[in-house]
Amino acid sequence: MPLNNLKIISHRGNLNGPDNKRENSPEYLVAALNAGFNVELDVWVKDENSIFLGHDQPSYLVDLAFILKNSEKFWVHCKNIEAMEFFHKLRHIVNFFGHTLDDFVLTSKGYIFTKPGHKQTPKSVCVMPEKGGRLGALNFLTEAVCTDFPILYRDKVLQETFYS
């Protein structure tokens, strides 16, 4: 895949690095969408159909319409089995996945979320390459990058010959 077609996914809505106080809040996610990025968000489902956003715990109650309205750019990380079951019913609309410590995991739309340092494929999403020590350590075949620094990738890394 040509680098100029690489999808850049904002991790939890972050644009310029982690912000634990704002991550996964609906406003923060929308700001990342408005900046032109796809967004990975952490989702919990409680009581069969109450949808919450939040990394370590359900923190922000949202309407399903919020997820569906942005489904083309959202990458839904299911944080509990109830969320997996809930979104499985919407698998043709919502791109979702679940994982904890896996080296790679398949999303409902057939993308492979892959840790940096592991073999990438043309359908891989290189997740958090900055944790591997080099921001530019992307495989040219990679479909997307999921990062806390999407602006840096858009404005600097993809503009330079910064790839290994």
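1. Let's start with the pairing of strands β1 and β2. In this predicted model, β1 and β2 (residues 38-46) run parallel and are joined by three bridges. If you want a spot to look at, find Ser 10, which stands opposite Val 39 in β2.

2. Strand β1 also pairs with β10 (residues 144-147): these two run parallel as well, with four bridges between them. Ser 10 is again a handy landmark, as its bridge partner in β10 is Thr 147.

3. How many of the five residues of β1 are buried? Four are, so this strand (residues 7-11) is largely enclosed by the rest of the structure.

4. Now turn to helix α3 (residues 81-88), where Ala 83, Phe 86 and Phe 87 are buried. They lie on the same side of α3, because they cover an arc of only 90° around the axis. The buried residues of α3 pack against β2, β3, α2, β5 and β6. On the face turned away from that buried side, you will find the exposed residues Ile 81 and Glu 85.

5. Next, the largest pocket, which holds about 550 Å³ of space. Its lining has 29 residues, and the closest to the centre are His 11, His 77, His 99, Thr 100 and Val 127. Strand β2 turns up here too, giving the largest share of the lining, three residues. By type, the lining divides into eleven nonpolar, eight polar and ten charged residues.

6. Finally, the second largest pocket has about 150 Å³ of space. Among the residues that line this pocket are Arg 12, Asp 56 and Tyr 60.

Key:
Residues numbered from 1 in each chain as written. Predicted model: local features only at pLDDT ≥ 70, side-chain atom pairs only at ≥ 80, totals over all residues. Heavy atoms only, no water. Buried < 20%, exposed > 50% of the residue type's maximum accessible area, 1.4 Å probe, protein only. Pairing = 2+ DSSP bridges. Arc of directions from axis to C-beta. Contact = heavy atoms within 4.5 Å. 1 Å grid on protein atoms, 1.4 Å probe; cavity = no way out; pocket = protein on both sides within 12 Å on 5 of 7 lines; lining within 4 Å. Points joined across faces, edges and corners; volume = space filled by probe spheres on them. Nonpolar A, V, L, I, M, F, W, Y, C, P; charged D, E, K, R; others polar.
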